[in-house]
Structures are given as structure tokens and as C-alpha cells.
Amino acid sequence: GKQKNKTVSGMATALQKARVTSLYRASLKQLLSWVVSREVFRAESAELRLEFETKRAVAEPAEIERLIQAGEARLKEYEHPDPYIVPYRPGGSMFARNPPFETGHSIQLDFGREEKGSH
């Protein structure tokens with residue numbers, strides 16, 4: 001009985017390690033969507049890694065599960081509305097990935113010198 005429990009606990013921990021790794025990778029990919037500059041990305045990713053490393057020593061499966069769920073919720077909260085996808089992948093991001101203008105809006109090309117009442 002005791003040996004069997006230890007194995008089940010070990011399997012849960014292996015699953016949790018895989019989930020943490022997946023969470024870390026997803027966090028880095030999401031960070032890439034928010035940060036334009038490579039230097040800023042490196043600094044932010046180092047902070048992210050430190051955040052994960054500070055919790056590496058947690059050994060209690062229930063606490064690990066709580067931390068994973070909190071991390072997944074935080075990842076969902078910071079989800080980018082137009083995530084970066086490498087250009088050669090299906091649906092890949094182009095250089096200028098801003099959404100198109102809403103219909104009914106126009107661009108004024110005379111820089112504020114338009115006639116009064118022509119809006």
C-alpha cells in the first residue's frame with residue numbers, strides 16, 4: 001500500500017512538472033506578443049524565469065496545483081487580443097499587425113486644416 005501511494009504521488013508530480021513547463025512556455029510566447037523590443041523581452045523573460053524559479057522548491061502537490069492554477073488564470077488574464085504568430089505559420093502575423101479601421105471612419109490628410117463643418 002505505501003509503495004503504491006508513493007508511485008501515484010510521483011505520477012502526479014510528473015504531470016504537474018509537465019504543466020509547469022507548458023505554462024512557462026505559454027507565458028514566454030504570450031510575452032513575445034506584448035513586447036516589441038528584444039532587449040525588453042530579455043529583461044521581462046528573466047523576471048518571468050525568476051518568478052518560476054522562486055517557487056521551484058515547493059514540494060506539496062496541493063500547493064503546486066494551487067500555484068499552477070493561479071499561473072494559468074494569470075496567463076488568461078494577460079492574454080493578447082492579437083497574439084504574435086511567426087509569419088511562416090498559418091495565420092502568421094505580418095509586420096504591421098494593427099486591426100483595420102472601423103467602417104464609417106476616414107483619415108484626414110490635410111492635418112487639421114480641413115474646412116469647418118466637413119466632419
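The model is predicted, so local features need pLDDT of at least 70 and side-chain atom pairs count only at pLDDT 80 or more, while totals for chains, interfaces and linings use all residues. Residues are numbered from 1 along each chain as its sequence is written, and side-chain values use heavy atoms, with hydrogens and water left out.

**Overall build**

- The protein has 3 helices and 0 strands, where helices (H or I, at least four residues) and strands (E, at least two) are DSSP runs, numbered from the N terminus.
- Reading from the N terminus, the elements run α-α-α.
- Of the 119 residues, 14% count as buried; buried means under 20% relative accessible area, exposed means over 50%, and partly exposed lies in between (1.4 Å probe, protein chains only).

**Salt bridges**

- The structure holds 7 salt bridges.
- Arg49 and Glu53 are 4 residues apart in helix α2, so about one helical turn separates them.
- Arg49 is partly exposed, at 37% relative accessible area, and Glu53 is partly exposed as well, at 31%.
- Glu72 and Arg19 also pair through their side chains, 3.3 Å from N to O.
- Because Glu72 lies in helix α3 and Arg19 in helix α1, this pair ties together parts that are 53 residues apart in sequence.
- Glu72 has a relative accessible area of 34% and is partly exposed, and Arg19, at 24%, also counts as partly exposed.
- Arg74 forms a salt bridge with Glu51, and their closest N and O atoms are 2.3 Å apart.
- That pair links distant parts of the chain, with Arg74 in helix α3 and Glu51 in helix α2, 23 residues apart.
- Arg74 counts as partly exposed at 42% relative accessibility, and Glu51 counts as partly exposed at 34%.

**The largest pocket**

- The largest pocket has a volume of about 1,100 Å³.
- Of the 30 residues that line it, Val20, Leu23, Tyr24, Glu51 and Phe52 are the closest to its centre.
- The elements that give two or more residues to this lining are α1 (2-34), α2 (38-53) and α3 (61-77).
- Helix α1 gives the most to the lining, with 11 residues.
- The lining divides into 15 nonpolar, 6 polar and 9 charged residues; Ala, Val, Leu, Ile, Met, Phe, Trp, Tyr, Cys and Pro count as nonpolar, Asp, Glu, Lys and Arg as charged, and the others, Gly among them, as polar.
- To find a pocket, a 1 Å grid is laid over the protein atoms alone: a pocket is an open set of points where a 1.4 Å probe fits, with protein on both sides within 12 Å along at least five of seven lines, and lining residues have an atom within 4 Å of a point.
- Grid points are joined across faces, edges and corners, and the volume is the space filled by probe spheres set on the points.

**A nonpolar surface patch**

- Leu32, Tyr84, Ile85, Val86 and Tyr88 form a nonpolar patch on the surface, with about 450 Å² of accessible area together.
- Patch residues have over 30% relative accessible area and no salt bridge, and nonpolar side chains (Val, Leu, Ile, Met, Phe, Trp, Tyr) are joined within 5 Å; the areas come from the Shrake-Rupley method with a 1.4 Å probe, and only the protein chains shown count as cover.
- Tyr84 sits in the segment after α3 and counts as partly exposed, at 33% relative accessibility.

- Leu28 is in helix α1 and is partly exposed, with a relative accessible area of 21%.
- The C-alpha atoms of Leu28 and Arg49 are separated by 9.2 Å, and these residues are 21 apart along the chain.
- Ser27 is also in helix α1 and counts as buried, at 13% relative accessibility.
- Ser27 and Tyr78 are 51 residues apart along the chain, and 9.4 Å separates their C-alpha atoms.

How values were computed. Patch = residues over 30% accessible without salt bridge, like charges linked within 9 Å, V, L, I, M, F, W, Y side chains within 5 Å. Salt bridge = Lys/Arg side-chain N within 4 Å of Asp/Glu carboxyl O.
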